[in-house]
Amino acid sequence: MRVSVVQFKATKGDVPGSLARLVALCTDAAQAADLVVCPEMAATGYLFPDPSAARRVAEMPMGPTFQALAPIARRNGCWLVCGFAEDAGDVLFNSALVIDPDGQLAFVYRKLLLYEPDHCWASPGDRGVVVIDIAGLRATVGICMDLNNPHYTDWLAEADIDVCAFPTNWVFEQGVDVHAYWRQRLAGTRTTLVAANRYGTEDDTTFSGCSAVLSPDRVYARGPRE
């Protein structure tokens, strides 16, 4: 399997502009890839004080993000996973689109374990996990804090997952090697994490960048802080 990771920083308040930049990067990333992974809430930014603020950028699964990215998956015959704020009517979710090689929406994954800023606007995921066959390998999706959920990592081992597409907005912590931490969380699995992170600062929060493709035993590829 060949994978591509898009490390990206949205321009808060400019979803169309952010989405256009994301599309350009995904267009390059999808060439000869079986799987492309974009960050959590890739085109909107991450921090919202309340549901009304998040709802202004939330969309239904077949909304603008899907419409922009599906043609890329279809042209290149690849899977594409991208985080977005999902408008599910009465509730909002921190979700990820899972687009198949035909450009169809295969699944919407909803983040199971919410991080503190998510609690301001999002509901915990209610659909559980999914297993997808990608290039003959057992693949799944997780979003950011899901990797801190022991039930989730236990499931990665029990389900014999080969690859986890991992949109994230992982926060920077001084002195913490994020790659070593992610590998630690994968201990006991044989899962390769395809981690697409954002970088830079939003409000007063700094994100770690350092997107990576790694397993419990090895870092195959890594991105910079910025």
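Me: What are the ground rules for the model and its numbering?
Reply: This is a predicted model, in which local features need pLDDT of at least 70 and side-chain atom pairs count only at pLDDT 80 or more, while totals for chains, interfaces and linings use all residues. Residues are numbered from 1 along each chain as its sequence is written, and side-chain values use heavy atoms, with hydrogens and water left out.

Me: What makes Cys78 and Cys164 count as buried?
Reply: Buried means under 20% relative accessible area, exposed over 50%, and partly exposed in between (1.4 Å probe, protein chains only). Cys78 has 0% relative accessibility, so Cys78 counts as buried. Cys164 also has 0%, hence the label buried.

Me: How do you know that S8 is mostly covered?
Reply: Strands are DSSP runs (E, at least two residues), helices are runs of H or I with at least four, and both are numbered from the N terminus. Five of the five residues of S8 are buried. On one side these are Val163, Ala165 and Pro167; on the other, Cys164 and Phe166. Both faces are covered.

Me: What makes S7 and S8 a pair?
Reply: Two strands pair if DSSP finds at least two bridges between them. S7 and S8 have three bridges, in the parallel sense. Val141 stands opposite Ala165 in S8.

Me: How many bridges join S10 to S11, and in which sense do the strands run?
Reply: Four bridges join S10 (residues 199-202) to S11 (residues 205-208), and the strands run antiparallel. Gly200 has Phe207 as its bridge partner in S11. The hairpin has two residues between the strands, and there Asp203 takes a positive phi near 55°.

Me: Where else is a positive phi found in a residue other than glycine?
Reply: Most residues other than glycine have a negative phi. Ala135 has a positive phi, near 55°. Ala135 sits in the loop between S6 (132-134) and S7 (137-141). Asp160 has a positive phi near 55° too. Its loop runs between helix H4 (150-158) and S8 (163-167).

Me: Why is Asp160 called partly exposed?
Reply: Its relative accessibility is 34%, so Asp160 falls in the partly exposed class. Leu137, in strand S7, has 28% and therefore gets that label as well. Leu137 is in contact (heavy atoms within 4.5 Å) with Met1, Ile132, Asp162 and Val163, leaving aside neighbours within four places in sequence.

Me: Why is Gly125 called buried?
Reply: Its relative accessible area is 19%, which is under 20%, so Gly125 is buried. Gly125 is found in the loop between S5 (105-110) and S6. Beyond neighbours within four places in sequence, Gly125 is in contact with Phe93, Arg110, Lys111 and Leu112.

Me: What makes the largest pocket a pocket, and what lines it?
Reply: On a 1 Å grid over the protein atoms alone, a pocket is an open set of points with protein on both sides within 12 Å along at least five of seven lines; lining residues have an atom within 4 Å of a point. The lining includes Tyr115, Cys144, Met145, Asn148 and Trp170.

Me: Is Trp170 buried or exposed?
Reply: Trp170 has 9% relative accessibility, so Trp170 counts as buried. Trp170 lies in the loop between S8 and helix H5 (178-185).

Me: Why is Ser95 called buried?
Reply: Its relative accessible area is 0%, so Ser95 is buried. Ser95 lies in strand S4 (residues 92-99). Leaving aside neighbours within four places in sequence, its contacts include Cys82, Phe84, Val108 and Ile143.

How values were computed. On a 1 Å grid over the protein atoms alone, a cavity is a set of points where a 1.4 Å probe fits but cannot get out, and a pocket is an open set with protein on both sides within 12 Å along at least five of seven lines; lining residues have an atom within 4 Å of a point.
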